[in-house]
Structures are given as C-alpha cells and as structure tokens.
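Welcome, and thanks for taking a look at this one with us. Please have the structure open as you read the notes below.

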Amino acid sequence: NKKDDCWICIRGFVYNVSPYMEYHPGGEDELMRAAGSDGTDLFDQVHRWVNYESMLKECLVGRMAIKPAVPKGLSREIQEDFSVRVVENVGKIEIVLKKKENTSWKRLGHPLENHNLLIPKKDTGLYYRKCQLISKEGVTHDTKLFCLMLPASTHLQVPVGQHVYLKLTITGTEIVKPYTPVSDFLLSEFKEPVLLNNKYIYFLIKIYPAGLFTPELDHLHIGDFVSVSNPEGNFKISQFRELEDLFLLAAGTGFTPMVKILNYALTNIPGLRKVKLMFFNKTEDDIIWRSQLEKLAFKDKRFDVEFVLSAPTSEWNGKRGYISPALLSQFLKRSLDNSRVLICICGPTPFTEQGIRLLHDLNFSKDEIHSFTA
Ligand code: FAD
Ligand code: NAD
C-alpha cells in the first residue's frame with residue numbers, strides 16, 4: 001500500500017480504487033452487513049466513483065452486488081464464509097477469503113467479466129439476475145405489491161431514488177421496463193428499515209390492462225422468474241445534506257421513489273424539521289397505502305400528507321384538481337425563512353413538467369428540485 005493508495009482484494013484479485021476511496025466513519029458495520037455472510041463475489045462491477053465520500057457510500061449502501069458463486073473464476077474452491085476488515089487510518093478494506101483445501105495454488109484463476117478493472121459506470125451496461133416471484137398482493141384496484149427473491153448468494157441494494165429494469169420475454173421478444181423498488185417500512189409499522197442484505201426486492205406496480213408489460217407481469221405465477229437489472233438513476237443521497245424541509249410531490253405510481261426517500265429522510269437526516277407529501281390521484285380508490293401514510297403522519301409529527309384528487313366523488317372533502325400554483329404556494333411553506341429545502345417530484349410526464357414550471361415560478365432554484373423522469 002503506497003501512500004494514498006487503496007486496494008480492494010476480492011477472491012485474490014486486487015482492485016485499485018485508490019483515488020476514490022476515503023473511509024466513511026461508521027462505514028465498517030455497513031460494509032460488513034452489505035457483504036453478508038454468503039456472498040462469494042463481492043463487486044459485480046467496480047465503478048469510477050465521482051468523489052471520495054460518495055464512492056464509499058455508494059459502495060456501502062448501494063451499488064454493491066454479490067453474484068452467485070462462479071467457481072470458474074478461481075482455480076480452486078474457497079470456503080463459504082469470509083471476513084471483511086476495514087483499516088480506517090489508511091483507508092484499506094480487506095476481504096479475507098479462506099481456501100477450502102490447504103494447498104498452494106499455482107495460479108489464482110481468471111478474473112470474471114468486468115472485474116479487475118475500473119470502468120466508468122456509464123460504460124458497464126446492465127446486468128440482469130433472474131429473480132423468483134414470491135408473492136403478489138393487491139394494494140389498490142389496479143396496483144399490486146410484487147415481492148421477488150434474488151438468486152442465492154446475491155446481494156442487491158438499490159439506492160434511494162434509483163430504479164432497476166425488469167425484463168420479460170413476451171411473444172419471443174425481450175421487453176424491458178423501469179421500476180422503482182420500494183421498502184416495506186410502511187407495511188411493517190415503520191419498525192425497522194430494510195436490512196441491507198435482504199434477499200427480497202419489492203415493487204409497487206400498476207397494471208394497465210392495455211399495456212404491453214404489466215399484464216404479462218400480472219399473469220406470472222408464484223415461482224416464475226423475472227430478470228432484474230442493476231440500479232440506475234441520478235438521485236444522490238448528498239442532496240439531503242443539511243436538509244431541513246423535504247417536500248414530496250407524487251402522482252399515481254410516481255409515489256414509488258418517495259417510499260425509500262421518506263424512510264431515509266425520517267431515519268437519517270438529523271436536522272430535518274418537516275417532511276410533507278402531496279399525493280395526487282384520480283380517485284380515493286387509487287391512493288396507494290393511504291392508511292399507512294395517515295398512520296405515519298400521526299406517529300411522526302415531522303411528517304404530513306395531503307391527498308389531492310383529480311376525479312373525486314361528490315363526497316370528497318379534501319383538495320381537488322391537478323397540480324396548480326394555488327395548491328403549491330400553500331403547501332410549500334418553509335419551516336424557517338431560509339431553511340434548506342428539497343422538493344422531489346414524480347408522476348406522469350405532463351404532471352412533472354407542469355410541476356417543475358410552477359416550482360420555478362415560485363422561485364425555487366434548480367438545486368432545490370429533483371424530478372424523477374424517464
Ligand atoms: P404501456 O404499454 O407502456 O402502456 C401504458 C398505458 O398507456 C396503457 O393504458 C396503454 O393502453 C396506454 N398506451 C400505450 N401506448 C399508447 C398510445 N400510443 N396512445 C395512447 N395510449 C397508449 N410504474 C409502476 O407501476 N411502478 C413503478 O415503480 C415504476 N417505476 C418507474 C420508474 C421509472 C424511472 C420510469 C420511467 C417509469 C416507472 N414506472 C413505474 C412506469 C413503468 O416503467 C411502465 O411505463 C408502466 O408499468 C407501463 O408499462 P406497460 O408496458 O404495461 O404499459
Ligand atoms: P394517473 O393517470 O393515475 O394520474 C395520477 C395523477 O397525475 C392524476 O390524478 C393527476 O393529478 C396527475 N396527472 C395526470 N395527468 C396529468 C396531466 N396531463 N397534467 C397534470 N397532471 C396530471 O397516474 P399513473 O397511471 O399512476 O401514472 C404514474 C406515472 O408516473 C407513469 O407515467 C409512470 O411512468 C411515472 N413514474 C415515473 C417514475 C420515475 O422514476 N420516473 C416512477 C414511478 C412512476
């Protein structure tokens with residue numbers, strides 16, 4: 001280890017991540033958890049991270065994936081368990097793998113594809129894993145919660161605000177659509193955040209009867225397989241830095257990125273004063289996880305939710321209409337005159353585009369707005 005040099009050793013292959021690595025305090029535990037106990041191949045890609053802090057954070061909480069054992073990578077077998085050591089003062093992470101047989105190895109084996117390299121993330125391409133459908137539960141009349149199980153020995157943690165691609169072969173053609181995984185924190189009475197080395201991945205998906213992909217997904221049986229890609233997206237946790245007020249504007253399934261954002265913000269941002277969700281739907285029956293959101297608002301005084309319906313019944317006493325200046329100016333009140341604010345917006349394209357225009361009219365800067373778009 002030369003000064004300022006940092007290497008990660010995985011299964012005997014040494015990856016130089018020097019310029020990008022800096023130890024993130026408290027990261028050791030996260031790494032241990034992320035590494036899990038049954039993984040064999042630690043990174044499916046080594047990315048070129050933009051800066052020290054985000055590199056390690058991404059590595060710890062996000063873009064690390066453990067692929068199933070591929071014995072041909074190494075010339076001999078290794079034991080299932082491995083240990084991870086983080087040497088804080090030099091910024092070194094050591095992953096120690098034990099040989100199955102105590103003999104000397106003439107050679108290490110062959111690096112797996114995309115290993116032993118530093119590749120810019122944009123050049124790595126998508127890698128799909130076959131995941132098994134474990135359950136499918138109705139959430140509203142047209143939206144379902146799908147639970148998929150990752151292949152054995154696989155670790156995939158989709159970062160907050162990012163999506164993956166699901167792939168199915170439909171009448172002989174591979175069809176791919178993006179979906180944003182949700183955490184189950186709203187379901188489990190907000191007890192625990194999802195464990196990092198969770199084996200399951202959850203999606204809230206609206207089924208469009210005339211759609212190409214979602215009816216096929218809906219027709220899958222428990223035990224069938226769907227391919228799931230590695231994560232993508234441009235939302236960064238660093239956007240939460242020193243955040244005081246968080247406003248979420250979601251329409252329909254545009255709610256999905258807000259689930260993890262909500263969970264992360266309420267658990268991890270120390271100075272956070274207020275989180276407000278304005279949730280736009282056509283009718284009351286379309287509102288996803290309404291009672292869970294109301295319970296959360298009751299339980300956590302920092303959180304408020306408002307529902308706005310564009311096609312309500314005459315009994316609806318709440319807010320009505322599409323996104324508008326009147327709705328936004330009333331809703332987007334900073335808790336202090338100069339509080340640091342972030343507004344996240346996601347939904348049908350006309351909703352998001354109109355929302356961004358209105359936010360600019362209300363003098364929110366580009367840095368204060370994150371829009372989730374295609
Ligand atoms: P499509 O075939 O795309 O059709 C959708 C609807 O449009 C149907 O009602 C169809 O009849 C109508 N339609 C299609 N073509 C036309 C046309 N030419 N003219 C008029 N109407 C038409 N969705 C979720 O439910 N959950 C998520 O978590 C989620 N995350 C996403 C993340 C990202 C980054 C993006 C970009 C989208 C996300 N989506 C999500 C939407 C998802 O990717 C699909 O677009 C959606 O599931 C519809 O797919 P489909 O193939 O079933 O329908
Ligand atoms: P929907 O048709 O049920 O509409 C929900 C609400 O959106 C409406 O009640 C209305 O308030 C608003 N809306 C709809 N059309 C509008 C318009 N023309 N102008 C202004 N407001 C309008 O919504 P849905 O079927 O659940 O669709 C959700 C959309 O969110 C999809 O297009 C999906 O692709 C998108 N989405 C994007 C992401 C992402 O990360 N980019 C994630 C999830 C969903």
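Which side chain has an N or O atom 2.7 Å from an oxygen atom of ligand 2? That side chain belongs to Lys206. Please keep in mind that this is a predicted model.

**Ligand 2**

- Around ligand 2 there are 20 residues, and the closest are Lys206, Tyr208, Thr253, Asn281 and Ser310.
- Besides the Lys206 contact at 2.7 Å, the side chain of Lys282 has an N or O atom 3.0 Å from an oxygen atom of ligand 2.
- Thr253 contributes through its backbone, with an N or O atom 2.9 Å from an oxygen atom of the ligand.
- On its own, ligand 2 exposes 870 Å², and the protein buries 76% of that area.

**Ligand 1**

- Here 18 residues surround the ligand, with Pro178, Tyr179, Leu204, Phe213 and Thr214 the closest.
- Lys177 uses its side chain instead, placing a polar atom 2.9 Å from an oxygen atom of ligand 1.

**Aromatic pairs**

- With ring centres required to lie within 6.5 Å, the model has nine aromatic pairs.
- One of them joins Phe235 and Phe372: their ring centres are 5.9 Å apart and their planes meet at 25 degrees, which is under the 30 degrees cut-off, so the pair counts as stacked.
- This pair connects distant parts of the chain, since its members are 137 residues apart.
- Phe235 is in the loop between β13 (225–228) and β14 (245–251), whereas Phe372 belongs to strand β19 (residues 369–372).
- Are these two residues buried or exposed? Both Phe235 and Phe372 are buried.
- Phe235 and Phe372 also belong to one aromatic cluster, together with Phe240 and Tyr264.

**Lysines over rings**

- Lys167 is placed over the face of Tyr128, at 4.1 Å from the ring centre.
- Likewise, Lys301 lies over the face of Phe298, at 5.0 Å from the ring centre.

Definitions and conventions: Residues numbered from 1 in each chain as written. Chains lettered and ligands numbered in written order. Predicted model: local features only at pLDDT ≥ 70, side-chain atom pairs only at ≥ 80, totals over all residues. Heavy atoms only, no water. Phe/Tyr/Trp six-rings, centres within 6.5 Å; stacked < 30°, edge-to-face > 60°. Helix = DSSP H or I, 4+ residues; strand = E, 2+ residues; numbered from the N terminus. Buried < 20%, exposed > 50% of the residue type's maximum accessible area, 1.4 Å probe, protein only. Lys NZ or Arg CZ within 6 Å of the ring centre and 35° of its normal. Near = heavy atom within 4 Å. Polar contact = N/O pair within 3.5 Å; in protein donor to acceptor, adjacent residues only side chain to side chain. Areas by Shrake-Rupley, 256 points an atom, 1.4 Å probe, with all protein chains shown as cover.
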